[in-house]
Amino acid sequence: MAEPPAKKARAAESESCDNLLDGFETVKILMNDVKAKKVHVLGKFKDSDENAIVSLSKTPFTEDSVKSILSKETNLKKEFNNDIYGQFIAETSPSLNTLATNTIHPATEKHIMKYTSQDIHLVNETAEDYQNITLPYLEKQQFSINWVYNILDHEKEADRILYEDPDKENGFIILPDLKWDGKQIEDLYLTGICHARGIKSIRDLNSSHLPMLKNMLSKGMEVIKKTYNVPSNQIRAYFHYFPSYYHLHVHFVHLKNDVGGIYVGKAHLVSDVIDNIERFGDDFYAKKTLPVTLREKDTLLKLLLKVKEEKPSS
């Protein structure tokens, strides 16, 4: 029997990337996150003059990998012993020391800035700030979300889709986020992407979107329970504001996953968003002052701070 086209394509992609890092020229390390055991590197692939970003992160331990590591196959180099305490460096088999690797190529200046280590600032964005500063800035920048449409149209990553409600108004697709390797349930991280186009963020939401929001929340939880046997009371479902890309999407994350972006000033629970619209009306998020976190070199931070400096104190 002939292989399905999708399977053939995935096999070809797998074969073609074997030597992807051969000849990679490192320009500089953009960010070295010691806590997350992740590094973002700027460089160039062999025979390419375009910038590339390669992100490396240590894959989680599994029960099987731990059993294999704690064996005679692992070489321990002693750093010190003190009474009952010992510290060693363990050298394991390469197959037990894998790295999750993500690439962006070609990488634009926006990508480079995004992955560069910077100080973070918390700013309150008013409704007027959004209309007069943020929205015009976003429209001028024209951030591409073609990759999102590729997923919605099944042109890319179709094999990764866990569930789809194809309704163009209230439907969505749910699939594993690239931050999760699909192994440790405690690290579960899924993304729900709505089919409706033109909804950039929670700023655009009103009562007409309530059926979609409730559908994404309830069916998303059902999919997680059915697929991973994780109950809804162990899942945090939220929006980011500012989001990383401007097409409405929901983050479904296990409560044990202490991933970035789950804190006040960034995350807004889907259930809270629904409740606020129902209680306080259509224009709640259009009018509300929202806290946003921005990095030091972000142009939008400079624009927002400039306006606030120019406003007379009350």
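1. Leu70 counts as exposed because its relative accessibility is 68%. Exposed means over 50% relative accessible area, buried under 20%, with partly exposed in between (1.4 Å probe, protein chains only). Leu70 sits in the loop between α2 (63–69) and β4 (75–82). Helices (H or I, at least four residues) and strands (E, at least two) are DSSP runs, numbered from the N terminus.

2. A word on the basis. This is a predicted model: local features need pLDDT of at least 70, side-chain atom pairs count only at pLDDT 80 or more, and totals for chains, interfaces and linings use all residues. Residues are numbered from 1 along each chain as its sequence is written, and side-chain values use heavy atoms, leaving out hydrogens and water.

3. Strand β4 pairs with β5 (residues 85–91) in the antiparallel sense, over 7 bridges. Pairing requires at least two DSSP bridges between two strands. Leu76 stands opposite Ala90 in β5.

4. Which residues of helix α7 (residues 270–280) are buried? They are Val270, Val273, Ile274, Asn276 and Ile277. These lie on the same side of α7, because they cover an arc of only 165° around the axis. The arc is taken from the directions from the helix axis to the C-beta atoms. On the other side of α7, Arg279 and Phe280 are exposed.

5. The cover over the buried residues of α7 includes α6 (210–228), β11 (235–240), β12 (249–254), β13 (267–269) and α8 (284–287). After α7 comes Gly281, with a positive phi near 105°.

Conventions:
Contact means heavy atoms within 4.5 Å.
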